[in-house]
Amino acid sequence: MEYRLLWIDDEVELLKAHRLFLEKKGYEVETASNGYDAIEKCAETSFDLILLDENMPGLSGLETLQRIKEVSPATPVVMVTKSEEENIMEQAIGQQIADYLIKPVNPIQILSTLKRNIHHREIVTEVAQNAYQQDFGKLSLQIDEAREMEDWMEVYRRLVAWELQLSETDSSMKEMLASQKRDANHLFCRFVKKNYLQWIADSETRPLMSPDLFKNTVFPSLNAGEKVFFIVIDNFRYDQWCVLREELADLFTFDERLYCSILPTATQYARNAIFSGLMPNLIAKMFPDLWVDEDSEEGKNLNEAPLIQTQLDRYRRKNSFSYHKVNDSAAAEKLVHELPNLQRHDLNVLVLNFIDMLSHARTESRMVRELANNEAAYRSITQSWFRHSAIKDIFRALAASDWHVILTTDHGSIRCYDPVKVVGDRNTNTNLRYKLGKTLSYNPKEVMELKDPLKAQLPAPNLSTAYIFATGADFFAYPNNYNYYVSYFKDTFQHGGVSMEEMLIPLVSLRGKKRN
């Protein structure tokens, strides 16, 4: 591919050597001796990059730059000047130049700026592609040899890191990575099937799980005399945290890890387990007024503040706390103004629902599905929401305070593609990634099944109640009206089942960076 450059300089006859050098490198170079001719050329022709002399008679370089931006706003412009005056640099940068070169320039400097501004994506793609090819075998071996939860957490971190890196390129390796991730999820699900009941039975040796969060993260900070702000972003995946981390890097230092959600990976179970410090069957048994059954039309997360109080009471803690749930920007803005008053509490708990709302909207709205048509777009919307919402104002205020911020989630979600048939009676719950009932019919090889819910410390409405969970990228579909059902829910983000995306979720300690 031949790239077209425009070089604007009132002494174009002195550029012959540079032009020959660039033409040998495969660039087509046009020239203009003044700003007026340059603007006319930009209006008629598309250029890949423009080199612009700052000091020209008539229309100055800065004036030319401003007019070029009007007719060709996306074209990168490199300012070339003899002047090193700070105000000229600032004006040029303010008008969004791509680069700044000081005369006399040599051909290598010019080639370097072309690579940065024209070939950046190709170079990044090639480097990332080669690096992933080299790492592919090592990562495959790490997946095959994963035996402990920490092994799987490291596998998932590496897969997400490659996913984020390759998503910013045009690499053909994306499909290979997706295939490797599917293979990893298959083995991870086998690992969970083998070990889950043992984890539930032995709270001392299991990996950190939902009911353990307050005991292991919140209470030690409170014991150290810190004020804690505990933030739960509903349905928040590790890859989404990775993009939000970029937004928070100037404000906080991070201590980042993953923990494991309980099953089902759904708010009613996992988040209630976090706030109560109990497995779901014990919540239902000890606090029946605070547990909402699957078949109830009552909201499943209306009793979170009382559940937090039960945990504080059970550990005989006298800490004062507040609880807030933010569903929209108005509520977020209101909370920003309330933050100074929350200093009186030892613990403040905040639940943010936007990402869960986005996930559901993507299922129900064709327009939202188009906007978030792949994993990268889904992350991008998450980042844009955070960057432009009052939520970031909350984090700015927290960074300027002495609060110890703990950021986490109750579960993640996975993009589902493969339908698995299941039959149940009319009382069977509607979630696409887990089902419970007394007359479920399914292929046991296609699901993770828990025939004795009490061993998994899950409520059992009937003696014959069983739970089944979709694994990998599967989702449950009923035989009735099967084709419509499958076409509607295929390629949607769902949660409730067994996958790395749903179960291995971020737990981050944030402390504000102090500025003098």
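**Entry 1: helices α1 and α5**

I began with the contact in which His18, Phe21 and Leu22 of α1 meet Pro107, Ile108, Ile110, Leu111 and Leu114 of α5; contact here means heavy atoms within 4.5 Å. The residues of this contact of α1 with α5 comprise seven nonpolar, one polar and no charged. In that grouping, Ala, Val, Leu, Ile, Met, Phe, Trp, Tyr, Cys and Pro count as nonpolar, Asp, Glu, Lys and Arg as charged, and the others, Gly among them, as polar.

I note that the model is predicted, that local features need pLDDT of at least 70 and side-chain atom pairs pLDDT 80 or more, whereas totals for chains, interfaces and linings use all residues. Residues are numbered from 1 along each chain as its sequence is written, and side-chain values use heavy atoms, with hydrogens and water left out.

I then looked up the geometry: helix α1 (residues 16–24) packs with α5 at an angle of about 50°, the axes being 10 Å apart. Axes are lines fitted to C-alpha atoms, for helices over the stretch in contact, and angles run from 0 to 180 degrees between N-to-C directions. α1 and α5 are therefore oblique to each other; angles under 35 degrees count as roughly parallel, over 145 as roughly antiparallel, 65 to 115 as roughly perpendicular and the rest as oblique. The crossing of α1 and α5 is right-handed, a crossing being right-handed if the near helix is turned clockwise from the far one by less than a right angle, and left-handed if anticlockwise. Helices (H or I, at least four residues) and strands (E, at least two) are DSSP runs, numbered from the N terminus.

I found α1 lying across β1 and β2, at about 155° to β2. I traced five strands in an open, parallel sheet in the order β2-β1-β3-β4-β5. β2 (27–32) and β5 stand at the edges with a single partner strand each, so one side of each has no neighbour in the sheet. The twist averages 20° from one strand to the next. Strands count as paired if DSSP finds at least two bridges between them.

For β3 (residues 49–53), I recorded five of its five residues as buried, that is, under 20% relative accessible area, with exposed meaning over 50% and partly exposed in between (1.4 Å probe, protein chains only). Leu49, Leu51 and Asp53 lie on one side of β3, and Ile50 and Leu52 on the other. Four bridges join β3 to β1 (residues 3–8), in parallel, and isoleucine 8 has leucine 52 as its bridge partner. Four bridges also join β3 to β4 (residues 77–81), again in parallel; here leucine 51 is partnered by valine 78.

**Entry 2: proline 104**

I located proline 104 in the loop between β5 (99–102) and α5 (107–117). At 75% relative accessibility, proline 104 counts as exposed. Its C-alpha atom is separated by 37 Å from that of serine 171, 67 residues apart along the chain.

I found three strands in an open antiparallel sheet, ordered β13-β15-β14. β13 (434–437) and β14 (448–450) are at the edges, each with a single partner strand, so one side of each lacks a neighbour in the sheet. Neighbouring strands of this sheet are turned by 15° against each other on average, direction ignored. β14 and β15 (residues 466–469) pair over three bridges, with leucine 450 opposite tyrosine 467.

Last, I examined β16 (residues 474–477), where Asp474 and Phe476 on one side and Phe475 and Ala477 on the other are all buried. β12 (residues 418–421) and β16 pair in the parallel sense over four bridges, and valine 420 has phenylalanine 476 as its bridge partner.
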